Amino acid sequence: MPRLTAILSLFFVMAISMTAAEAADKGPAYLDGEKAGPDFQVQGEYEGKIGKDTKVGVQVIARGDGKFDAVVFGNGLPGSGWDPRQPKIHLKGETNDDIVEFTGLNFNGAIKDGIFAGIAEDDVKFELRKIQRSSPTMGLKPPEGAIVLFDGTNVDALAEGKIEDGKLLGVPVRSKQKFNNYTLHLEFRSPYMPEARGQGRGNSGMYLNDQYECQILDSFGLEGKNNECGGFYQIQEPKVNMCLPPLSWQTYDVDFQAAKFDSKGKKVTPAIVTVRQNGVVIHDKLKLPHTTPGGGQNDEKLPGSLFLQDHGDPVRFRNFWVVEK
């Protein structure tokens with residue numbers, strides 16, 4: 001038993017050390033693009049043509065210290081022409097003077113002054129320009145009868161939550177009112193954290209009924225797993241990764257139906273959810289077979305609060321409202 005205790009104690013110390021190391025590796029979190037440095041101006045989305053007629057999109061991800069990853073999408077960017085069944089091409093980039101040079105499978109190119117140009121396989125030229133997409137539901141006004149949880153003026157509808165950076169909402173946030181069936185609108189912004197990786201990069205979460213987590217994370221350019229932005233943690237990955245670059249305002253529009261139980265308490269229908277991220281359906285009538293970790297409730301029979309998680313990163317929110325069914 002003493003040996004077991006010693007092993008567990010050592011494991012606990014190692015776990016604390018790993019957590020501290022991961023926190024240290026996060027680096028700075030920028031909330032202002034003007035102060036974020038030159039890499040921020042390069043990262044983002046580019047769109048144009050390869051050859052004469054073929055549309056192509058590229059997402060460029062800043063990795064800190066002048067280094068970049070890039071993902072090439074045939075026929076356009078995610079949600080704008082690219083088919084998730086199509087393969088992607090991954091490139092590596094690095095700053096050389098005032099040019100960022102990229103190399104990868106059959107691709108060589110460079111970014112300068114907002115233009116990504118180069119040569120692909122068979123000496124086919126491509127030229128793309130940096131663009132900035134915005135959700136079609138950005139700024140959507142709450143309809144008549146909506147319950148406004150946050151509009152930038154106060155946090156009266158919230159048991160937790162505080163106003164940050166002027167008129168924005170900081171985490172953690174939990175609604176005072178509890179809900180069963182509803183639609184909701186939420187706008188969120190992830191910080192720019194070029195040195196962070198994975199779950200350390202702009203992490204939060206939207207918990208429906210305080211027990212089903214749809215991830216909020218800077219997953220720009222990643223694979224779109226169930227632990228990345230738009231995924232229902234441990235349940236389902238999004239149909240497409242619709243994450244925009246960090247410091248972009250993004251939207252979740254959700255249609256939620258609570259689980260149903262018979263008179264004996266047996267679940268007859270699981271909770272069902274449809275989610276649109278930045279106007280694109282990423283979950284269509286998804287059945288949620290169980291709750292997920294981290295929420296404040298674990299009873300599907302009861303109505304629940306809407307909870308926005310604090311994971312140590314300065315994720316911000318605005319225009320948060322609900323319409324009950």
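These are my notebook entries on a predicted model of one protein.

**Entry: confidence**

The average pLDDT of the protein is 91, and 93% of the residues score at least 70. I then looked up residues 1–24, where the pLDDT is below 50. Beyond near neighbours in sequence, that stretch has 0 contacts in the model, and I left it there.

**Entry: domains**

Next I looked up how the protein is divided. I found domain 1 (36–131) and domain 2 (147–324). Taken over C-alpha atoms, their centres are separated by 30 Å. I also checked the contact between them: domain 1 gives 19 residues to it and domain 2 gives 19 residues.

**Entry: the barrel**

I followed the strands next. I saw 8 strands close into a barrel, in the order β1-β2-β3-β4-β5-β6-β7-β8, with antiparallel pairing. On average, neighbouring strands of this sheet are turned by 25° against each other, direction ignored.

I picked one pair to look at in detail. Strand β1 (residues 44–50) and strand β2 (residues 54–64) run antiparallel and are joined by 7 bridges. Within this pair I noted K49, which stands opposite K55 in β2.

**Entry: V71**

Is V71 buried or exposed? I read a relative accessible area of 2% for V71, so V71 is buried, as the cut-off is under 20%. I listed what V71 touches, not counting residues up to four places away in sequence: G57, V58, Q59, I61, K88, I89, H90 and G221. I also compared V71 with Q41: the two are 30 residues apart in sequence and 17 Å apart in space, C-alpha to C-alpha.

**Entry: two loop residues with positive phi**

I went on to the loops on either side of β3. In the loop between β2 and β3 I found D65. D65 is not a glycine, yet its phi is positive, at about 60°. D65 counts as exposed because its relative accessibility is 70% and the cut-off is over 50%.

In the loop between β3 and β4 (88–96) I found N75. N75 is also a residue other than glycine with a positive phi, near 70°. With a relative accessible area of 36%, N75 is partly exposed.

I turned to strand β18 (residues 271–277) and strand β19 (residues 280–288), which pair in the antiparallel sense over 6 bridges. I looked up V275 and found that its bridge partner in β19 is H283. The hairpin has 2 residues between the strands, and N278 takes a positive phi near 55° there.

**Entry: a cis bond**

I stopped at P172, in strand β11 (residues 168–175). The peptide bond leading from V171 to P172 is cis, with omega near 5°.

**Entry: the cores**

I finished with the nonpolar cores. The largest has 46 residues, and those with the most contacts inside it are L184, M206, L208, F232, Y252 and F256. Strand β12 (residues 182–189) supplies the largest share of this core, 4 residues. The core draws at least three residues from each of domain 1 (36–131) and domain 2 (147–324).

Which residues is L184 in contact with, leaving aside its neighbours within four places in sequence? I wrote down M206, L208, Y252, D253, V254, L306, F320, W321 and V322. Last, I noted a second, separate core of 23 residues, which includes I50, A120, F126 and L128.

Notes. Residues are numbered from 1 along each chain as its sequence is written. This is a predicted model: local features need pLDDT of at least 70, side-chain atom pairs count only at pLDDT 80 or more; totals for chains, interfaces and linings use all residues. Side-chain values use heavy atoms; hydrogens and water are left out. A nonpolar core is a set of buried Ala, Val, Leu, Ile, Met, Phe, Trp, Tyr and Cys residues joined through side-chain atoms within 4.5 Å. Buried means under 20% relative accessible area, exposed over 50%, partly exposed in between (1.4 Å probe, protein chains only). Domain bounds come from an automatic or database domain assignment. Contact means heavy atoms within 4.5 Å. Two strands pair if DSSP finds at least two bridges between them. Axes are lines fitted to C-alpha atoms, for helices over the stretch in contact, and angles run from 0 to 180 degrees between N-to-C directions. pLDDT is the predictor's confidence in each residue, from 0 to 100.
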